[in-house]
Amino acid sequence: MSTHDVDGLNAGYARALLDEYLENPEAVPSEWRALFESGDSQLVATHPGIKRLLELLPRDGGNGANGGATAAPPAPEPASVDSTQALDPQLLGGVAAAMALVKAHRTHGHLAARLDPLGSEPVGDPSLEPLRLEPKLTPELQARIPASYLRVHVPGTTLADVLPKLGETYCGTIAYELEHLSDHQQRVWLRQAIESGRYRQSLSADEKKTLFRRLCEVEGMERFLRKRFLGQKQFSLEGLDVMIPMLDETIELASEAGAHEVVMGMAHRGRLNVLAHTIGMPYEYILREFEGERTIEAVASDPEGGTGDVKYHLAAHGTRTTANGKVGVRLVANPSHLEAVDPVVVGRTRAEQTDRSTRNGAHDPSVALAVLLHGDAAFAGQGVVAETFNVHDLAGYSTGGTLHLITNNQIGFTTDPNEGRSTRYSSDLAKGFDVPIIHVNADDPEASIAAVRLSMAYRRRFGQDVVIDLVGYRRFGHNEQDEAAYTQPLMVEQITAHASVRELYEEQLIAEGVLTRDEAEGFVSEVESVLRAAHERLKASFGDASASKVEHDGAIPRSTTAEPVTAVAADTLRGLTDELLSTPDDFTVHPKLAKQLERRRTALAEGGIDWGQAESLAFASLLVDGIPIRLTGQDSQRGTFSQRHLVLHDVQTGETYTPMQHLEEAHASFEVYNSPLSEYACMGFEYGYSAAAPEALVLWEAQYGDFANGAQIVIDQFISSALSKWRETSRLTLLLPHGYEGNGPEHSSARLERFLQLAAQENIRIANCTTAAQYFHLLRRQALDATARPLVVVTPKGLLRLKEATSTLADLADGGFRPVLDDPRAEKDAVRRLVLCSGKIYYDVVGHEARTQAGSVAVARIEQLYPFPTQDAAEVVASYPALDEVVWVQEEPQNMGPWRSLRHRLEEAAAGVPLRFAGRPWRASPSEGYPTAHLIEQDRIVREALTV
């Protein structure tokens, strides 16, 4: 390798490798290591101190040797160091020790940082102590070591000059963990930004006064609420008061970077303060919630059937005016499952950043910022945090960097950190996802602002997540009715004697001459006066009915009864099929797959439109109608059962092509992504996306239906109950493969009974279709219905290619979705038993050998399970005048599946005709684990259903 290889066009790459070499020689390829150690490069010559060290390395083949390479002539010595000094073995060892000391500060400085406002002694680390190194870095030796050799960015000419500054930088009230990052460029950028103090400039006097006033407002509100509403829960922010000015700074910087929306998620602690001071909700609204707890109106049901939620779970949206214009700030509703809101926030943010008028959903991360406020115990303890981090840099999920702020009060309810996690810091989880961590003492407001500035600059530069660990305390118990001293008496004693951050900052500003005592007391009094006036206005309005009515943001209409038109003209479907089967001339589809896809053209003319083709035509027709579509899930591009193939792969180049994104008449985006092997965060993400994109059809597909139970919290706390709790709904569609195929308990049941148990007040829709056309119309109805509701589709496995489940072009071009399908071959007057079923079991019944002898048995299908089509079902039953009984048949055990939830509806439809059950008996597990046992049980169920 020649000098020109590193000193020409490749100099930048070589410089990066040299930096890597200086950290760890074994980390670079051997040929580059040899070049650096030979000195045959102007690049190395620009580092004279390194040059001198390399010249003195042994050349006998030992560690760092360069074989037979000839050393280049020595570079000129720095003017401040003569040649005798440079060759001094003690100085040479001192430089090596000094470099180790610098690295120790960068890597372990946080262990000696003063991060705890309550004053606990940091653990420290021996590598940070100059006299513990070899040779000992005495003050005299430190004064002889030129700082230029150490590649530090703090000012100073010798180690003696820079060492105190390194200590202030890495071991003060703010500390950093960044050396775990795998990206060299990010590490170098962060070191330079941190050590130069670029983002920790002193605040001006006006900025300090503004910061102090904000702390007065934060503390003043908390104290006012506690004093006026003794014993009521408020989940006080005190001990982490600086969080509010940190959010102020975040919003300003987000706006400066181009954001017009900031989406936030947090649990209950400090939420009321965020509502007032970050969102901008008037004090009266918040005070009304406290006063309302004394009135019957506060617990009365909403006129539209909602039951509401506690005040510290509710969503809010406001508009902030910044130096760069107006910014929307949204606080997302969340349950008491502390971190469940994390993926929802990220999903909403992604929706805000996506231009759904483009074919592929163009993504611009600068448009919106996601901010997640975590609790320290929850951050370490809740698995959804890791799942959310795992998607942060994936193509279909990235938001260009989420700001994570851990509100660390050093306790989880009553649990100490050593009982709640196995790591030193609550933030340690983030290290596994290549995320930098900034620790900061919550009693240092200016350092806290600096942490935000560095974080936002890093996000803007690299588009990556960053974590701020804001270390504070909790001045009171978990809530205002809890006595913290029962379990943490020593900590409570410390906190009681500890001044608030407002009081500490006040003394600092007075000492600096920025503020007078009278000015400080005036700020405090003014805040209290504003709160008192707001409370008086509220109490004066109690007799005014119009004043007491608070408008709800995002109210939705009642469920519509008007069915949208879901049929699509036959010519349109033919044209869409041609486009979906077209690929570029230089693109080679797998020959086997090409034949399968080509059959779709034949199916339009001859019949046999299967599930995958019907779905593709539904998607394509919706895109032409201007409806954006997003589909994600494990292996959803191809389909778990190789039935979909929305993304084609060139067998020669590996390139991909998505025909759905190239439809000539499409006016909306089509996004399809394979998801990570996760359900909780991924379903939460899509819920958030769909809530922020009500015009879009957003679908999440489980690899197998029962896998959805990995996201049960999202299903329980968001999908099924958000309408009632928060007046929030979406069109999120869950595709859950279901059907007993003899593959064991975990690949049979989508746990349909759980969704039916959660169904009430028309909160969701649940369907179990039996034909491709029904699925086609169902998807189009879901997208076009004026009333948005989540949809649960129990999708098939065996029916995907079953000939009897296919449809014709006329089925798609005419009619619509039918909630109930009657038996098309029944002789009504001769029927004595009506079998009702749903989904795949229908084909097991009508295809059984006993069916031909059961002439007095009719088999009808309930395609929509909720809202239950009571009238349609009753009309079907009434059409059989000689009925003796109605039998509900299902594959699932009697304590699972639809039976227990639908029995009362079926009895109503039967109108007095006896009703009985045929299916598996009560079981703890959904199905048999052995294929033979499964076949025997399936046969028994069908024979019981058909035998009169």
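Which residues does phenylalanine 917 touch, not counting residues up to four places away in sequence? Trp888, Gln890, Glu892, Pro893, Gln894, Trp899 and Glu944, where a contact means heavy atoms within 4.5 Å.

## Ground rules

This is a predicted model, so local features need pLDDT of at least 70 and side-chain atom pairs count only at pLDDT 80 or more, while totals for chains, interfaces and linings use all residues. Residues are numbered from 1 along each chain as its sequence is written, and side-chain values use heavy atoms, with hydrogens and water left out.

## The overall picture

The protein has 36 helices and 24 strands. Both are DSSP runs numbered from the N terminus: H or I with at least four residues for helices, E with at least two for strands. Of the 948 residues, 56% are buried. Here buried means under 20% relative accessible area, exposed means over 50%, and partly exposed is in between (1.4 Å probe, protein chains only). Among contacts with a separation of 6 or more, 79% link residues 24 or more positions apart.

## Back to Phe917

Phenylalanine 917 sits in strand β24 (residues 915-920) and is buried, at a relative accessible area of 13%. Its C-alpha atom is 5.7 Å from that of valine 887, 30 residues away along the chain.

In soluble globular proteins, nonpolar side chains tend to be buried together. The largest nonpolar core here has 97 residues, and Ile145, Met243, Met264, Val274 and Leu470 touch the most other members. Helix α19 (residues 445-462) supplies the largest share of this core, with 9 residues. A second, separate core of 71 residues includes Val332, Ala333, Ala692 and Ala722. By "core" we mean a set of buried Ala, Val, Leu, Ile, Met, Phe, Trp, Tyr and Cys residues joined through side-chain atoms within 4.5 Å.

Zooming in on methionine 243, its partners are Leu237, Met266, Gly270, Val274, Leu373, Leu405, Thr407 and Leu470, leaving aside residues up to four places away in sequence.

## Two helix pairs

Helix α11 (residues 205-228) packs with helix α21 (residues 501-512) at an angle of about 155°, their axes 9 Å apart. Axes are lines fitted to C-alpha atoms, for helices over the stretch in contact, and angles run from 0 to 180 degrees between N-to-C directions. The α11 and α21 pair is therefore roughly antiparallel, a label for angles over 145 degrees, whereas under 35 is roughly parallel, 65 to 115 roughly perpendicular and the rest oblique. Residues in the contact include Leu211, Phe212 and Leu215 of α11 and Tyr505 and Leu509 of α21.

Helix α25 (residues 591-606) and helix α26 (residues 611-624) cross at roughly 85°, with axes coming within 11 Å. That makes α25 roughly perpendicular to α26. The contact uses Arg600, Ala603 and Leu604 of α25, plus Gly612, Gln613, Ser616 and Leu617 of α26.

Most residues other than glycine have a negative phi, and most peptide bonds are trans. Glutamate 134 and proline 135, though, are joined by a cis peptide bond with omega about 0°, and proline 135 is in the loop between α7 (89-108) and α8 (139-144). The bond from tyrosine 866 to proline 867 is cis too, with omega near -10°.

Phenylalanine 413 is not a glycine but has a positive phi of about 60°. This residue is partly exposed, at 46% relative accessible area. Alanine 911 has a positive phi of about 50° and is exposed, with a relative accessible area of 66%.
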